[in-house]
Amino acid sequence: MKEFELIAPCHFGLEAVLKRELLDLGFEIIKVEDGKVTFRSDAAGICRANIFLRTTERILIKIGSFRATTFDELFEGTKALPWEAFIPENGKFWVTKATSIKSKLFSPSDIQSIMKKAMVERLKSVYHTSWFTEDGADFPVRVTIMKDQVIVGLDTSGDSLHKRGYRLATVKAPITETLAAALIMLTPWNKDRILVDPFCGSGTFPIEAAMIGARIAPGMNRSFTAEQWQHLIPKKHWYDCIDEAESQILRDIDMDIQGYDISRTAIAAAKENAANAEVDHLIHFQQRPVSELHHRKKYGFIITNPPYGQRLDTEDEMPELYREIGQAYEGLDSWSMFLITAYEQAERYIGKKATKNRKIYNGMMKTYFYQYLGPKPPRRKPD
């Protein structure tokens with residue numbers, strides 16, 4: 001059975017969460033680096049990784065790596081890779097993205113163009129043709145050059161894996177599904193505990209929590225580029241993986257998940273998205289400002305993404321907003337609160353220092369995941 005070296009990229013600062021996911025699914029970890037985890041698996045594992053992983057952006061087959069400081073070296077290094085082992089004669093292939101960090105080669109368009117020419121030269125010599133129709137399946141290639149080290153990957157996912165297929169209605173600057181899932185998984189929350197998001201926007205935190213609690217695989221209702229690669233991955237692997245995902249869903253589960261937002265439009269979007277994800281029966285959404293955040297239960301979790309940047313009209317609104325968060329949290333002093341924000345003065349205006357503060361990069365934006373840990377609830381006495 002052929003094995004592949006696979007690369008799973010993730011948000012900087014969340015590598016440990018992704019590593020835990022991979023280990024839980026039974027994958028063999030090769031290496032953990034900033035913003036990615038490399039692991040080993042077979043063709044069936046490519047299907048499982050795409051369908052089950054919640055915290056990675058995509059799954060890449062590593063084609064190879066080499067050092068390049070000139071475009072000649074880039075051309076020859078790319079040409080030396082075994083492209084024919086992956087791309088059939090009629091395959092449509094291109095370098096969809098090139099990223100260069102601290103390297104002598106830095107022009108994405110030039111890197112893409114030169115690598116495409118090198119791939120063509122390699123495949124021309126293998127398939128003994130001077131022309132490719134490229135009317136078959138898609139084979140998008142992604143390349144990262146870090147300190148002159150080139151890593152070349154074939155993208156099995158297509159659209160980023162944060163696109164689960166349920167979020168059709170959006171609001172301004174939503175948090176991505178992969179980031180929301182990773183942040184939830186960083187907390188001690190589980191399906192038996194209360195979860196409230198007072199700035200739920202289009203509902204991403206509550207929906208991801210409901211999917212985690214009900215064990216709904218995030219990739220069940222979408223397609224992947226590699227589904228067309230039947231010479232590498234038999235269709236049966238995809239069908240088997242979907243059957244496995246279906247069998248794991250907890251259908252008779254009951255959870256206490258609530259999403260609030262001051263915007264009526266946001267609540268309407270959240271309800272629509274929850275219905276699309278088939279978890280609307282597990283979440284209660286309500287139009288409500290953070291100043292009215294309260295709960296009759298003594299213990300619970302607040303997990304939220306308060307407005308900052310694009311989601312606020314002016315920077316002047318920030319202090320008052322975070323004061324309101326702090327005042328609401330005072331009334332829930334036995335609760336734990338976890339919030340992600342780019343606002344560096346968050347603790348000051350909340351009025352309380354976080355138990356932990358974790359830096360996470362959301363794209364190029366540095367954000368802070370403030371973690372206020374409340375007391376553990378007493379153990380339930382056995383019936």
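User: How do the axes of α5 and α6 cross, and at roughly what angle?
Analyst: Helix α5 (residues 177-186) and helix α6 (residues 204-213) have axes that come within 9 Å and cross at roughly 65 degrees. Axes are lines fitted to C-alpha atoms, for helices over the stretch in contact, and angles run from 0 to 180 degrees between N-to-C directions. Helices (H or I, at least four residues) and strands (E, at least two) are DSSP runs, numbered from the N terminus. This is a predicted model: local features need pLDDT of at least 70, side-chain atom pairs count only at pLDDT 80 or more, and totals for chains, interfaces and linings use all residues. Residues are numbered from 1 along each chain as its sequence is written, and side-chain values use heavy atoms, with hydrogens and water left out.
User: Which residues meet there?
Analyst: From α5 there are E177, A180, A181, L183, I184 and M185, and they meet T204, F205, E208, A209 and I212 of α6; contact means heavy atoms within 4.5 Å. By class, that contact has 8 nonpolar, 1 polar and 2 charged residues. Ala, Val, Leu, Ile, Met, Phe, Trp, Tyr, Cys and Pro count as nonpolar, Asp, Glu, Lys and Arg as charged, and the others, Gly among them, as polar.
User: Switching topic: what order do the strands of the sheet take?
Analyst: The open sheet has 7 strands, ordered β2-β3-β1-β4-β7-β6-β5, with mixed pairing. Two strands pair if DSSP finds at least two bridges between them. At the edges are β2 (28-33) and β5 (92-101), each pairing on one side only.
User: And which sense do β1 and β3 pair in, parallel or antiparallel?
Analyst: Antiparallel: β1 (residues 3-9) and β3 (residues 36-42) pair over 7 bridges. Within that pairing, F4 stands opposite S41 in β3. Helix α4 (residues 108-127) packs on the sheet and touches β5, β6 (138-146) and β7 (149-155).
User: Nice. How many cavities are there of 30 Å³ or more?
Analyst: There are 2. On a 1 Å grid over the protein atoms alone, a cavity is a set of points where a 1.4 Å probe fits but cannot get out, and lining residues have an atom within 4 Å of a point.
User: What about the second largest cavity, which helix gives the most to its lining?
Analyst: That is α9, with 3 residues. The lining divides into 9 nonpolar, 1 polar and no charged.

Conventions:
1 Å grid on protein atoms, 1.4 Å probe; cavity = no way out; pocket = protein on both sides within 12 Å on 5 of 7 lines; lining within 4 Å. Points joined across faces, edges and corners; volume = space filled by probe spheres on them.
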